[in-house]
Amino acid sequence: MRKAMFLLTGLLVLLAFPPAVPADCIKVGGFDSFTLVKDDTVILYSGGSAVVKIETNCTVYEKSRVRLLKNYICDGDDILIDDKTCNMASVSSANDD
């Protein structure tokens with residue numbers, strides 16, 4: 001009986017707290033321009049080459065000021081858009097579609 005309770009408890013813990021799945025992360029050395037894909041999605045470019053595609057929880061405009069807070073970015077990290085802290089809901093390779 002004790003063994004069955006232990007196994008049941010273990011199973012419930014696994015169901016309640018699934019293993020952490022690593023978020024998408026990309027190293028971005030820097031960027032010098034961006035283009036809008038949608039009002040909340042941008043592609044960052046470095047020297048004319050697409051570097052990363054970022055979907056945020058903020059509206060981005062063509063004249064917005066976009067600034068990364070670190071070089072290694074992941075889903076859920078923050079980004080500055082027009083000096084407002086926004087969340088990067090999705091980070092992916094600029095070539096993924």
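Biologist: What is the handedness of the disulfide between Cys-25 and Cys-74, right or left?
Modeller: This is a predicted model. In it, the torsion about the S-S bond of Cys-25 and Cys-74 is about 110°, so that disulfide is right-handed. The S to S distance is 2.0 Å.

Biologist: Where do Cys-25 and Cys-74 sit in the chain?
Modeller: Cys-25 is in strand E1, residues 25-27, and Cys-74 is in strand E6, residues 72-74. The pair links distant parts of the chain, 49 residues apart.

Biologist: And Cys-74, buried or exposed?
Modeller: Cys-74 has 13% relative accessibility. The cut-off for buried is under 20%, so Cys-74 counts as buried. Cys-25 is partly exposed, at 30%.

Biologist: How many disulfides does the structure hold?
Modeller: Two. Cys-58 and Cys-86 form a disulfide too, with their sulfur atoms 2.0 Å apart.

Biologist: What does Cys-58 to Cys-86 tie together?
Modeller: Cys-58 lies in the loop between strand E4 (49-56) and strand E5 (66-68). Cys-86 is in strand E8, residues 84-93, so the pair ties together parts that are 28 residues apart in sequence.

Biologist: How accessible is Cys-86?
Modeller: Cys-86 is at 2% relative accessibility and counts as buried. Cys-58 is buried as well, with a relative accessible area of 7%.

Biologist: Last one, what pattern do the disulfides follow?
Modeller: Counting bonded cysteines along the chain, the pattern is 1-3, 2-4.

Methods:
Residues are numbered from 1 along each chain as its sequence is written. This is a predicted model: local features need pLDDT of at least 70, side-chain atom pairs count only at pLDDT 80 or more; totals for chains, interfaces and linings use all residues. Side-chain values use heavy atoms; hydrogens and water are left out. A disulfide is a pair of cysteine sulfur atoms within 2.5 Å. Helices (H or I, at least four residues) and strands (E, at least two) are DSSP runs, numbered from the N terminus. Buried means under 20% relative accessible area, exposed over 50%, partly exposed in between (1.4 Å probe, protein chains only).
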